[in-house]
Amino acid sequence: AFWINAYNALTFQTILEAGVPASIRDIKPDPWENARWDVAGRSVSLNWIEHKRLREQLREPRVHFVLVCAARGCPALPNRAILPEGLDAQLDRATRAFFQDASRNRVDRAGKTVHLSRILDWYGSDFEGLEGVKVLPGLENLSAKEAAVISYMARHLSESDRAVLGQGGITVVYNEYDWTLNRR
């Protein structure tokens, strides 16, 4: 919880210090690579927090749904800090909200196409081999990463969407990522 909140707070600090640019990608030096913050006695960058501390050490893919890069393509920012008490439930809520947000992910039942957030392309390998997640039958035409993401996502979808996924022959399309600053 501490590192998730640190990442989100430092992202906001970066945006405010830059004078609220059109996109976080407009900020120089690179806000993800620049290790300019001292957190818990260590000089850190946003990438260090996300990739080394959270992804590598925790191996918890649900963090992708609570880390906010200040872009419209990011998951919605939680309306309060993440708390250590009930962390699992908070991650579950954020994950469910992300997968059920049709502006980010949706199943086109008629076209048997799953439209996914680009986040799931970038970090889809984090979902491979998760304990308790069985890859759905019928996804053999997909990459291992895509099959893992679709199988994980299915538990958060409606019964009718799950039925389409279970039929196989699914095509995956990744949405364009909107890097415009999220001012909502």
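**View 1. Strand β4 and where its side chains go.** In this predicted model, T113 and H115 point one way from β4, while V114 and L116 point the other way. All four of these residues are buried. Across from H115 in β4 stands R106, and V114 has V172 in β5 standing opposite.

**View 2. The three-stranded sheet around β4.** The strands line up in the order β3-β4-β5, giving an open sheet with mixed pairing. Its edges are β3 and β5 (171-174), each of which pairs on one side only. On average, neighbouring strands of this sheet are turned by 25 degrees against each other, direction ignored. On the β3 side, β4 runs antiparallel to its partner, and 3 bridges join the two. With β5, β4 pairs in the parallel sense over 4 bridges. Look also for helix α5 (residues 144-154), which lies across β3, β4 and β5. The helix runs at about 90 degrees to β4.

View 3. Zoom in on the loop between β3 (106-108) and β4 (113-116), and you'll find K112. This hairpin has 4 residues between the strands, and K112 takes a positive phi near 50 degrees there. Leaving aside residues up to four places away in sequence, K112 touches V164, Q167, G168, G169, I170 and T171. For a sense of scale, the C-alpha atoms of K112 and I24 are separated by 34 Å, with the two residues 88 apart along the chain.

**View 4. G73, a buried loop glycine.** G73 sits in the loop between α2 (46-58) and α3 (87-100). This glycine counts as buried because its relative accessibility is 12%, and the cut-off for buried is under 20%. Which residues does G73 touch, not counting residues up to four places away in sequence? They are R104, S117, I119, Y177 and D178. T180 is 107 residues from G73 along the chain, yet their C-alpha atoms are separated by 7.9 Å.

**View 5. R55 and D126, a salt bridge between separate parts.** The side chains of R55 and D126 meet in a salt bridge at 2.7 Å, N to O. R55 belongs to helix α2 and D126 to the loop between α4 (119-122) and α5, so the pair ties together parts that are 71 residues apart in sequence. R55 counts as partly exposed, at 22% relative accessibility.

View 6. E176 is exposed, with a relative accessible area of 72%.

View 7. Last stop: E60, R62, D88 and D92 are linked in a network of salt bridges. Side chains of opposite charge can pair when their charged atoms come close. For the model, the count comes to 11 salt bridges.

Terms used
Residues numbered from 1 in each chain as written. Predicted model: local features only at pLDDT ≥ 70, side-chain atom pairs only at ≥ 80, totals over all residues. Heavy atoms only, no water. Contact = heavy atoms within 4.5 Å. Pairing = 2+ DSSP bridges. Axes fitted to C-alpha atoms, helices over the stretch in contact; angles between N-to-C directions. Buried < 20%, exposed > 50% of the residue type's maximum accessible area, 1.4 Å probe, protein only. Salt bridge = Lys/Arg side-chain N within 4 Å of Asp/Glu carboxyl O.
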